[in-house]
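Dear colleague,

I am passing on the structure we spoke about, and below it you will find my notes on the parts I looked at. Please open the model alongside the text as you read.

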Amino acid sequence: MPPSQTSALAGVLQKDRAGVLQAWMQDQQAGSAARPDLMPASEVQDQASQLLDLLAAAVGSGEGRDGSSWQALRQFLASISTSRAAQGFSPVETAAFVLSVKQPLFTKLQQRAADPGQLPAELWAMTTLIDDLALQTTAVTLEARDRMIARQQEEMLELSTPVVKLWDGILALPMIGTLDSARTQVVMESLLQRIVQTGAEVAIIDITGVPTVDTLVAQHLIKTVTAARLMGADCIISGIRPQIAATIVHLGVDLTNVDTKATLADAFRLALRRTGHALGKSNGSERA
Amino acid sequence: MPVQRSDALPIRNASDVVAVRQLVRTRAQEAGFNLVDQTRIVTAASELARNTLDYGGGGRATVQVLTETGRTGLRMLFEDEGPGIPDIELALRDGYTTGHGLGLGLGGARRLMNDLRIESQPGKGTRVDTVRWR
Ligand SMILES: Nc1ncnc2c1ncn2[C@@H]1O[C@H](COP(=O)(O)OP(=O)(O)OP(=O)(O)O)[C@@H](O)[C@H]1O
Ligand SMILES: [Mg+2]
């Protein structure tokens, strides 16, 4: 925006700083954006005062929006957005805090207008600038939220791959959901770790809950089986539904070196045999 | 060939690949494919979408339901502006990979679908057009 349109604003910020701050704080306290339960008035005033200084510096600098004074302003907005979010302010409340400086600036611009013909342009420039700053606080809050969701997803990755001990020497890993590479990595590591810890002889990987088995998933499975073998454990893959079995064949994935069973129960029976346990019901005849 | 329905999705990261799979599964179900066919189509989509991401540097997928007299089809189009495939026959060969894969994705997708065409220009990008009829 041409400098002429914000030069009036620069003047107001310089000469009427105290008045603007005072009016802003009064509006704040009257408005719904004030949350004395979350932040004492003195701290709000502190933030408002710093924001005005940085805004005055940026507007007065004559720099473009990527200049260092604007960067300092943006950084400050980011930091108060983050700290306010942590204190329990909603994104709307933080944006409202910034937006509520408009009214006092509006009044002062009007009072100081040298040329009434210029006033609409000056007001417009101020309004779009403050809107922009308020939007930035929202963007920062959303980014922080995205990061939090990503972190929670990572935590869930670790939670959702429980290795359970089915029997002496027999582990089972029921896999559920999409086996994207990050998750498969976690699965593989936790299984190998448990094999070492427990000295298990057989590990059953159950993929009943995996909706799609493509070459990437197959490759992860083959790698896990190979690694487990190196640690002295045999793997059995169970829960391969008929439609998945057909697809694996079409893909050309070779699972002939891997024991596979239709159900977890079948796999468990095989594992018991492997480890020298017999099922009581058939009086050991299963071992034949 | 009348297109009943067409959706496009970007492929920029691993979660986009999941989204493509989910869209393809929904459309295949709506188009009345049986469970085995749904699984074939979704698996092919997974292979092609991941190639678009891993080798094409990202791109987009278009999923269409087609109707012709007496038959319904599901068409998938994967496009990227990546490095292209210098030798398509070689790329289709089982076991051939320039990455760390099994080298089965392209050939496998061709076997899972009814018709699969690859157009690619080195330096310009790749377009894989494939359909499965019900
Ligand atoms: N969209 C693409 N752009 C550029 N090269 C591609 C593209 N798709 C496939 N290729 C090339 O073709 C090769 C074979 O692809 P294919 O999907 O068959 O195997 P892969 O992806 O290497 O392994 P897999 O799919 O088994 O995990 C790839 O390694 C890559 O060099
Ligand atoms: Mg591939």
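**The sheet of chain A and the helices around it**

In chain A, five strands form an open sheet of mixed pairing, in the order β1-β2-β3-β4-β5. Please keep in mind that this is a predicted model. The edges of the sheet are β1 (164–167) and β5 (259–261) of chain A, each of which pairs on one side only, and from one strand to the next the twist averages 30 degrees.

Strand β4 of chain A, residues 234–238, is mostly covered, with four of its five residues buried. Strand β3 (residues 202–209) of chain A runs parallel to β4(A) and is joined to it by five bridges; here A:Ala203 has A:Cys235 of β4(A) as its bridge partner. β4(A) also runs parallel to β5(A), with three bridges joining the two, and in this case the bridge partner of A:Ile237 is A:Thr260 in β5(A).

Helix α11 (residues 264–274) of chain A lies across β1, β2, β3, β4 and β5 of chain A, and runs at about 175 degrees to β3(A).

**Helix α2 of chain B and its contacts**

Between the chains, helix α10 (residues 242–251) of chain A packs with helix α2 (residues 35–54) of chain B at an angle of about 45 degrees, their axes being 9 Å apart. Because of this angle, α10(A) counts as oblique to α2(B), and the crossing of these helices is right-handed. On the α10(A) side the contact involves A:Gln243, A:Ile244, A:Thr247, A:His250 and A:Leu251, which meet residues of α2(B) including B:Arg40, B:Thr43 and B:Glu47. By class, this contact of α10(A) with α2(B) comprises four nonpolar, five polar and two charged residues.

Within chain B, α2(B) also packs with helix α4 (residues 105–112) of chain B, at an angle of about 150 degrees and with the axes 9 Å apart. That angle is over 145 degrees, so α2(B) is roughly antiparallel to α4(B), and the crossing of α2(B) and α4(B) is left-handed. Among the residues that make the contact are B:Arg40, B:Thr43 and B:Glu47 of α2(B), together with B:Leu106 and B:Arg111 of α4(B). The residues of the contact of α2(B) with α4(B) divide into five nonpolar, three polar and three charged.

With best wishes

Notes. Residues are numbered from 1 along each chain as its sequence is written. Chains are lettered from A and ligands numbered from 1 in the order in which they are written. This is a predicted model: local features need pLDDT of at least 70, side-chain atom pairs count only at pLDDT 80 or more; totals for chains, interfaces and linings use all residues. Side-chain values use heavy atoms; hydrogens and water are left out. Axes are lines fitted to C-alpha atoms, for helices over the stretch in contact, and angles run from 0 to 180 degrees between N-to-C directions. Angles under 35 degrees count as roughly parallel, over 145 as roughly antiparallel, 65 to 115 as roughly perpendicular and the rest as oblique. A crossing is left-handed if the near helix is turned anticlockwise from the far one by less than a right angle, and right-handed if clockwise. Contact means heavy atoms within 4.5 Å. Ala, Val, Leu, Ile, Met, Phe, Trp, Tyr, Cys and Pro count as nonpolar, Asp, Glu, Lys and Arg as charged, and the others, Gly among them, as polar. Buried means under 20% relative accessible area, exposed over 50%, partly exposed in between (1.4 Å probe, protein chains only). Two strands pair if DSSP finds at least two bridges between them.
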